[in-house]
Each structure stands twice: as C-alpha cells, then as structure tokens.
Amino acid sequence: MIISPAELESIITARHAAPHDILGLHCVEVIGGEVLVARSFQPNATTCDIVDVKTDERFRLKKLCREGMFEGVIPGRTEIFNYRIRTENANGEVFQFWDPYCFLPSLTEDDTYLFNQGNHHHVYEKLGAHVKHYEGVMGTAFAVWAPSAKRVSVVGEFNGWDGRRCPMRRLGSSGVWELFLPGIGVGTKYKYELIGADNSLRLKSDPYASYFESPPHNASIVWDTSDYKWSDGDWIKQRAKANWETRPMSVYELHLGSWKRVPEDGNRPLNYREMASELTRYVLEMGFTHVEFMPLAEHPFDGSWGYQVTGFFAPTHRYGAPQDFMYLVDYLHQHNIGVIIDWVPAHFPKDAFALAEFDGTCLYEHEDPRLGEHMDWGTLIFNYSRHEVRNFLISSALAWCDKFHIDGLRVDAVASMLYLDYSREEGEWIPNEYGGRENIGAIDFLRQVNDLVHQYHPGAIMLAEESTSFGGVTKPTKEWGLGFDLKWNMGWMHDTLQYLSHEPVHRKFHHSELTFGMLYQNSERFITVFSHDEVVHGKGSMITKMGAGYEMSKKAADLRCLYTWMWLWPGKKCLFMGCEFGQSSEWRYDGSLQWDLLQYMDHQGVQLLVRDLNGIYHHYESLARHDHDPKGFEWINADGYWENSISSFLRLGEKPTDTFAVVANFTPVHREEFRVGVPFSGHWKEVINSNANVYGGEGSGNGGGAKTDPGEWDGREQSIPITLPGHSVMVFKYEGK
C-alpha cells in the first residue's frame with residue numbers, strides 16, 4: 001500500500017479537502033525512481049481496472065479495504081495518459097467511465113479572484129452546474145461557494161446519493177469547491193453534501209441551479225438552456241433605444257398561477273406556453289405595454305406567492321421548464337409587450353435545504369439576528385457587505401436579463417433593505433459605523449446592481465418598491481442617488497384609496513387626501529400603482545373598497561372615477577390583475593380570477609374604461625412624454641370646491657392642442673352648467689367620460705365637448721360650461737379655435 005493510512009482514512013470517510021491529490025493518476029517518488037500510481041474509490045466494485053483509451057490496455061488495481069479503495073502501480077509507465085475506469089460489481093454488472101479525478105479545474109484563478117472581489121458579474125456562468133465538453137469529454141462541471149465547509153460532495157441518483165463517491169476539491173483560499181463529472185447530463189438531479197464548520201452533515205440544493213424539482217425533495221436539476229433559439233431580436237434592438245421616461249408605460253401585474261386556470265383539468269394553472277398566447281391576446285386587447293410577473297424564481301411554498309426564494313437563477317418548475325419560460329418571454333416580445341419580474345434580494349427563507357447556514361456558518365446572512373433576520377417575515381437578510389454575497393445577487397439580476405431577456409426588475413421590499421431599524425424596536429437593531437440607521441452595504445449594493453443592469457442591458461428598467469421618503473431613489477448614482485428608473489408611488493396609492501373609501505358625504509373633510517400627492521410628485525420618477533398588496537389580507541377588493549354605498553353600480557362608478565383620475569395623473573401606470581374589471585372578491589393565489597363577472601355591466605364597464613384609458617395614454621403622446629416633467633401639470637382648481645368634493649387639473653404639452661382638462665366629481669350630485677377655467681379659447685373635446693353608457697354609467701355628458709365662453713374663471717380668461725354627472729371624471733382635450 002503506497003497511500004498512507006491517514007490519507008486512506010480521509011478518502012473512505014470523505015474528509016479530504018483535495019481528493020484530486022490522492023485519486024486518479026499520480027507520479028510518485030519511490031526507492032529506485034518514479035512510478036505511476038492509480039487510485040480510485042469505488043464502494044460497490046469487486047474489481048477495478050485502469051483502461052488506456054489509446055491502446056485499450058487494462059491495468060488491474062488492488063482493493064485495499066472493504067470500503068472500496070483501489071490502488072495500483074501502472075507497470076512500465078511514468079507519464080500520465082488518457083484513461084477510463086472499468087469496474088465490475090458483485091452482481092456481474094460492468095461499468096466503464098471517465099475518471100472525474102483526471103481533469104483540471106473548470107474555473108480559472110481569474111474567476112475565483114474576481115468572485116472574491118465581488119466583481120465577477122456573470123459568475124452564474126461558472127458556479128452551479130454546467131453541461132460542457134471539457135478536455136474532449138462530455139459531462140457537467142459543478143462549482144459551489146462554501147468557504148467554511150470541511151468537505152463538499154456532489155450527490156445524486158448517479159451515485160446513490162453517497163457523499164463518499166464524488167468529493168469536490170477546494171480551489172485555494174477562494175472558498176469555491178469544484179468537480180467535473182463526466183457523463184452527467186441534462187435532467188440529472190443533484191445536491192451538495194457538506195460537512196459544515198460545526199461538523200454537521202448538510203444536504204443543500206445548488207444556490208446557482210437553473211432548474212429544480214418540486215417539493216418536498218427540492219433537488220437541483222442539471223439543465224442547459226443554450227439550445228433555445230430566440231426570435232425577439234427586433235424587440236431587443238428597439239428597447240436599447242427606448243426612453244421609457246417619455247414613453248407610455250402601462251403595466252399589468254399578475255400572479256401566473258392564479259390569472260386563469262383549467263377547470264376541466266383539475267383546476268390547474270396555465271403553463272408557460274399556454275400562458276403565452278392567452279396572456280398576449282388579453283394584454284394587447286387591453287392596451288397594456290408591459291406585464292409584471294410576481295416572483296417566478298424558484299420557491300418551495302406556494303403561499304409565499306414567490307417572495308421567499310430558494311432558487312435565485314431558476315424559473316419555477318410549477319409551469320414548465322426554463323425553455324418554456326423563455327418561450328413565454330419571447331412570445332410577448334414578438335408582440336411588443338415588455339416583461340418585468342419581481343426580484344427579491346431583500347431576504348430569503350430559512351429552509352434547511354437552501355441558503356440558510358449553508359456551510360455550517362452564517363454564510364449568506366448575518367450571524368447577529370439584529371442584522372440578519374426579518375422578525376415579521378421569519379426570513380433572513382443578506383449580508384450585503386460580503387463581496388461574494390453581493391456578487392451572487394448581482395449575478396442573479398443579470399442572469400434574468402441575460403438568459404431570459406427580461407426587460408426590467410421590480411425590486412421588492414427596498415425599504416426593508418435601506419434601514420437597519422426596519423420594523424424593529426429600540427435595542428433590536430445595530431447602528432451603522434457612523435451611528436445611523438441606514439444600511440450602507442445595502443445602499444452600495446442597490447447602486448451597483450442598478451448601474452450594472454443599465455450598463456449591460458440598455459433600455460432595461462429598474463423599479464423600486466420603496467415605501468418611505470428615502471431621498472434620491474430615482475436619482476442617478478453619479479448624483480449619489482440609488483439609480484432606479486421608477487419608484488412605486490405608495491403615498492399616492494394610500495391617500496387616494498383612503499379618500500375613495502369614505503362615504504361621499506364625508507369626502508369633503510378629507511379633500512387633502514386627493515390632492516396632497518402633488519406636493520411630492522416631482523421628488524422622484526413615480527409609477528402610480530394599485531398592486532396585489534391592496535387586495536389581500538382582509539383589505540377587500542378594489543371595487544369593495546369604494547365608499548359610495550352598498551350598491552355595486554355605485555361602487556363601480558367610484559372605481560371608474562379612481563382609474564380615470566389615476567391614468568390622467570402624472571406618472572407611469574401599474575394595475576394588478578382582476579382590478580381592471582373590478583373583481584369583487586379578494587385575490588386568492590390558489591384560485592382563478594372571477595372572469596365570469598364580465599357578464600355584468602358593472603364589471604365589464606370598468607374593464608372597457610381601463611382599455612380606453614390605455615388607448616388615450618398611447619394615442620396622445622404628450623401625456624407620457626410629460627409624466628415626470630413639472631411643467632406638464634397645473635391645477636385648475638384643487639381646493640376651491642372642496643365642499644362639493646370636486647377637483648380639476650390640466651395636463652400640458654409642448655403646444656396648446658396637447659392640453660387636457662380633467663374634472664372630477666366624487667359625490668352623487670349631478671351638476672349642470674358647471675364652469676371650469678381653461679387656458680385656451682375654442683373647442684374642448686370630451687375624450688373620456690367615466691359616466692358613459694358604454695362603461696355602465698347613466699350616460700349624461702357633454703355631447704362630444706364644450707366651447708369656451710369669455711370671462712375670468714378659476715384664474716383663467718375663459719371657461720367651459722359642462723355637465724358634470726355625479727360620481728364621474730370628465731377628460732377634455734383642447735382641439736383649437
């Protein structure tokens with residue numbers, strides 16, 4: 001026996017951090033010169049041979065112990081050659097295969113150096129499992145970061161989930177473990193078995209995996225998406241030239257699993273490919289420019305809606321394979337519909353198979369729960385100051401744009417990332433090095449990821465769900481902002497919904513809730529939004545929130561008012577699925593939308609109005625062009641009619657005929673000859689009447705428009721007399737003399 005007893009013990013107990021130094025072919029100095037020694041660990045084999053690939057010559061190895069360690073000297077050879085291993089089991093089965101321990105590392109020193117620096121932006125191409133031809137052999141290269149692990153092995157069906165069979169090697173001080181396994185291909189289920197820093201044995205899924213099996217096993221699956229042929233080249237080219245700040249952007253937010261289901265097939269959700277045609281047709285009919293999917297990254301628990309992610313690089317298996325998701329994105333792009341996904345770098349769940357205490361230490365998270373745990377959500381917070389963790393998240397963001405052609409990321413729970421005391425009482429958090437409450441590591445990370453997405457993918461959009469008044473969320477990073485393109489307007493959403501929830505008779509006492517948003521409207525680039533968060537957890541649906549009495553027709557009229565006010569208010573638009581037709585029940589993640597309600601005019605009318613509002617927003621380019629221009633908005637009379645719950649404003653453009661007058665009446669009182677001051681004399685065309693018959697209203701309006709009368713009104717030199725029905729918003733466009 002040439003191998004030392006200590007080395008033998010380390011191999012058969014899978015405790016060696018550099019198995020390539022022992023296994024495979026090695027030139028060894030012995031008395032009398034140098035010999036070529038072969039070693040292989042094959043627990044199930046009775047015999048083990050080395051087979052010269054070139055000559056087919058066999059060299060029998062000696063079994064050193066019952067555990068299955070084989071060793072032998074290759075007679076007459078002193079140079080390493082290409083070989084395969086041939087084994088025979090007790091039942092007579094014969095296997096011949098390439099030895100994993102004859103290959104050089106599949107990662108370079110530059111790869112590990114940049115990764116440890118936090119600057120390997122596309123490290124997902126190196127870490128994880130990658131099918132490749134390597135040194136002339138087909139197989140899969142595995143690599144995982146686990147710096148405190150004492151041993152890491154690839155386990156799967158191919159080796160009986162035995163951690164002794166395929167131990168990985170540690171690449172220097174990088175903390176990265178690597179192994180190339182010949183013959184392993186697409187569809188192979190695998191995990192990493194680790195002996196942690198605490199000597200515990202852990203079975204972990206791959207943080208960089210591209211595909212996963214379903215719970216409860218949650219194994220990673222070797223996958224290759226390079227065979228998908230994209231057909232969205234025209235979309236990608238025009239996206240790179242797009243300036244979404246001045247273009248119409250109307251987003252349809254949806255949860256893929258509950259948008260529409262198949263009752264005749266166990267009420268299952270549509271899969272990615274079925275969704276492509278169904279969703280595209282509907283989005284085009286409704287006039288939305290983008291869809292926003294609630295998180296589609298892999299997650300084990302349906303009830304988290306996707307916000308507790310365990311696979312940051314993998315579309316969820318629930319609706320198909322990664323190529324099926326690519327098909328969905330591709331199909332939407334071919335029909336000029338942008339795709340945004342919710343991305344969740346704020347936290348991750350504690351599931352034992354995933355990131356938590358990955359190598360026996362708090363690797364991705366903080367050790368101190370005052371920094372590393374979200375008490376409200378029962379999840380863990382990323383350690384944004386650790387280079388490799390930041391690199392992991394940056395690479396995730398870029399992977400969605402690189403591999404899946406995503407057009408934008410809506411970053412979830414940004415406020416929870418920005419503040420160390422988020423949802424914490426005194427004594428439950430630790431100040432930063434300057435004594436403040438800001439999470440400096442998270443701020444630096446957000447600035448970096450926003451810049452890199454914009455650098456690598458011109459025209460891609462970064463959106464922040466940020467619910468505080470943190471300054472500079474949408475300012476460029478060169479001006480010390482966070483670098484987002486848009487911020488959800490949570491304040492406007494809350495105030496406007498609060499206003500409409502009051503009974504009409506009481507709204508005059510809350511008029512400021514309707515108008516206050518304009519005080520900060522231009523502090524950020526906002527997208528006005530009513531999201532899934534407003535129609536869950538007992539909050540009621542959008543239509544039931546309306547305070548205009550108990551009758552559904554009155555609530556529908558109020559909802560039409562709200563949407564008309566929203567679409568004409570400055571800022572991009574976002575609406576959650578079901579809200580566009582006034583779904584009456586709260587959203588359920590495990591059911592379907594109430595599409596049957598569209599047989600009733602109260603709901604169909606809301607849907608038709610949203611369609612037409614999108615049409616107006618598209619057709620009249622000045623509206624979108626001035627969404628974030630302070631010169632594009634003027635109050636006509638914000639508060640003068642507060643006792644009547646009436647308010648009015650102008651949307652302005654480069655020329656007079658780009659001007660819109662918006663007049664809202666949030667009480668049931670019908671008013672004839674109601675005067676509105678306007679800046680230009682002539683004809684004002686009625687382009688939207690939320691009270692129109694076609695939308696389910698009672699139908700009174702202005703016969704297509706109104707002409708100005710001279711005389712000062714609302715501080716203007718002329719005015720238009722209009723019919724202003726109860727519970728209505730009227731939109732007029734100046735047509736000229």
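Biologist: Which strand is joined to strand β33 by six bridges, and in which sense do the two run?

Modeller: As a general idea, strands of a sheet pair through backbone hydrogen bonds, either parallel or antiparallel. In this model, which is predicted, β33 (residues 660-665) is joined by six bridges to strand β39 (residues 728-736), and the two run antiparallel. One of the positions to look at is N665, whose bridge partner in β39 is S728.

Biologist: What is the strand order of the open sheet of six strands, and which strands stand at its edges?

Modeller: The order is β31-β32-β33-β39-β35-β36, with antiparallel pairing. At the edges stand β31 (633-637) and β36 (705-707), and because each has a single partner strand, one side of each is left without a neighbour in the sheet. From one strand to the next, the twist averages 25°.

Biologist: Which helix lies across strands of that sheet, and at what angle to β39 does it run?

Modeller: Helix α14 (residues 552-568) lies across β31, β32 (646-651), β33, β35 (683-689) and β39, and the angle at which α14 runs to β39 is about 40°.

Biologist: Why is strand β14 described as largely enclosed by the rest of the structure?

Modeller: The reasoning rests on burial, where a residue counts as buried if its relative accessible area is under 20%. Six of the seven residues of β14 (residues 189-195) are buried, and therefore this strand is largely enclosed by the rest of the structure. For the protein chain as a whole, 62% of the 737 residues count as buried.

Biologist: Which strands pair with β14, and over how many bridges?

Modeller: Strand β11 (residues 151-156) pairs with β14 in the antiparallel sense over six bridges, with G156 having Y190 as its bridge partner in β14. Strand β16 (residues 220-221) pairs with β14 over two bridges, also antiparallel, and there the bridge partner of Y190 is S220. Strand β15 (residues 201-204) pairs with β14 over four bridges in the antiparallel sense, and I195 stands opposite L201 in β15.

Biologist: What is found between the strands in the hairpin of β14 and β15?

Modeller: Five residues lie between these strands, and in this hairpin N199 takes a positive phi near 70°.

Biologist: How many helices and strands does the protein chain have, and what does its C-alpha trace span?

Modeller: The secondary structure comes to 16 helices and 39 strands, while the C-alpha trace spans about 115 × 60 × 45 Å along its principal axes. Among contacts between residues at least 6 apart in sequence, 71% join residues at least 24 apart.

Notes: Residues numbered from 1 in each chain as written. Predicted model: local features only at pLDDT ≥ 70, side-chain atom pairs only at ≥ 80, totals over all residues. Heavy atoms only, no water. Pairing = 2+ DSSP bridges. Axes fitted to C-alpha atoms, helices over the stretch in contact; angles between N-to-C directions. Contact = heavy atoms within 4.5 Å. Buried < 20%, exposed > 50% of the residue type's maximum accessible area, 1.4 Å probe, protein only.
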